[in-house]
Amino acid sequence: MMTKQIHLWAFLQGIGFYPTGWKHPRARPEGVFSMDYYRSVAKLVEKGRFDAIVFGDQLQSRGAGGRTPERMAMPTLDPVSLLTAMSAVTEHVGLVATISTTYNTPEMLAERFAAMERITGGRSGWNIVTSAHPDTAPNFGEAELPPKDTRYSHAAEVVDKACELWAAMDRAGPRLPQGRPVLVQAGQSPAGRDFAARTAEAIFCPAASIEAGIDFRNDLRSRIAGLGRNPDGTRIMPGLSCVLGGSEEEAKANHKAIMDLADVALAIEYLSESLCCDLTPFDPEAPLPVAAIIANTLLPKSDVERMVASAAEKGTSLRDYAMNFMLHPRGHNVFIGTPEQMADMMISWRDAGACDGFTLQPSYMPGGLEDFVGEVVPILQKKGRYRTEYPGNSLRETLGLPAFARADA
Ligand SMILES: Cc1cc2nc3c(=O)[nH]c(=O)nc-3n(C[C@H](O)[C@H](O)[C@H](O)COP(=O)(O)O)c2cc1C
């Protein structure tokens, strides 16, 4: 029987998954604005035979809205420029750039991806986002973001138009290596999931447990099938972070060492950034100032009410809430254990139908990625669950998806 292969993507934003990761002795925070750093990281990802590297966009100005992110290390370079440069030092790994449909015209983004397709020789992917951060709108001369449903219906129009433009390029020739970039999405809401089901060839999602992964993948596969698409044509790739050690105890100690890099002030800044509400003036020992958060947040109030509901009930202190938030940021699965245990966990998720693979978000960079590539990848390969060589050159081949049909065929 053919065993189910595991796909791996590398989401390498900033200096790692944890907001404290940049302080780790094996992090290189000074590297994130240098091509020297990205050259070595790109080669490491390719050595680990990952499908693709993904970078997000950052259209909002941090620090707006009265928050104080001075000590938050979230540097971002333009993903298209960065990934295109990374293609010059790699041969096979896919390069997935995030571009917003809310703040780019189809003409602009179709041209940028056409250039990326040609320069990378058919390794480009487009992470389609609609921009959810409220600080984005003022950078484009608008007071507020359009509502989410409007953003997603507009996104569908933008994608359709961009696809028409790539088909026109295909007819005019010479054809783009893959015909068009691989389409990627990360919708979580009903509107976002419907959009992903209609559009995506690969999907990111948070899934903190195997059950959450199974629920999400089943839901997306049934939405995809409901639209008459083949669910096997979409790879579902939940986020995964990890802290490894030679024994379970060592891994736990390594995790604690990362957490100990956080001080309360940093945790409160991170929470302020995540809730879009400045919490730095409040007493850390007093209960989380729920009423002030709801009144002042720039995020949809109902989303924030859900996030703080249990703390409001229990009277959790701002300090405890912020430190706990730091421990479990963004609802992704965080694995703490030995490389062997991690490989077994990944295989069990894949076999249970919780995913087609994972979007690895190393805890700190590049040390966390080095450990994963050096210690977990060989185990997966030995167990016959992960490639030892790339199957071809294009991202679609690497994903095991059929080539995109010619527009004139
Ligand atoms: C791994 C991952 C990376 C993401 N990267 C970006 C990004 O770079 N820019 C962005 O605006 N949104 C990004 N998002 C947010 C998604 O586009 C989406 O808005 C989010 O998952 C919530 O879904 P919803 O829009 O359906 O509410 C990312 C989401 C995930 C899970």
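Helices (H or I, at least four residues) and strands (E, at least two) are DSSP runs, numbered from the N terminus. The structure described here is a predicted model, in which local features need pLDDT of at least 70 and side-chain atom pairs count only at pLDDT 80 or more, while totals for chains, interfaces and linings use all residues. Residues are numbered from 1 along each chain as its sequence is written.

Ser-363 lies in the loop that runs between β9 (357-360) and α13 (367-382). A residue is termed buried if 20 or more other C-beta atoms, placed from the backbone, lie within 10 Å of its own, exposed if 12 or fewer do, and partly exposed in between. Ser-363 counts as buried because it has 27 C-beta neighbours inside 10 Å. Contact between two residues requires that their C-beta atoms, placed from the backbone, lie within 7 Å. When residues up to four places away in sequence are not counted, the contacts of Ser-363 include Gly-16, Phe-17, Ser-241, Cys-242 and Ile-258. Thr-199 is 164 residues from Ser-363 along the chain, and 30 Å separate their C-alpha atoms.

The chain comprises domain 1 (7-246 + 332-399) and domain 2 (253-327), with bounds that come from an automatic or database domain assignment. Taken over C-alpha atoms, the centres of domain 1 and domain 2 are 27 Å apart. Domain 1 gives 18 residues to the contact and domain 2 gives 17 residues.

A nonpolar core is a set of buried Ala, Val, Leu, Ile, Met, Phe, Trp, Tyr and Cys residues joined through C-beta atoms within 7 Å. The largest such core has 87 residues, and Trp-9, Ala-10 and Ile-203 are among those with the most contacts inside it. Leaving aside neighbours within four places in sequence, Trp-9 is in contact with residues including Phe-50, Ala-52, Met-237 and Leu-360. A separate core of 16 residues includes Leu-271, Val-304, Leu-318 and Tyr-321.

The ligand is surrounded by 18 residues, of which the closest are Gly-56, Ala-186, Gln-188, Ser-189 and Gly-192; a residue is near a molecule if its C-beta atom, placed from the backbone, lies within 6 Å of it. Two or more residues of this shell come from each of β3 (94-100) and β6 (202-205).

Gly-192 also belongs to the buried residues of helix α5 (residues 190-199), as do Arg-193, Phe-195, Ala-196, Ala-197 and Thr-199. The elements that cover the buried residues of α5 include β4 (124-129), α4 (148-172), β5 (182-185), β6 and α6 (210-226).
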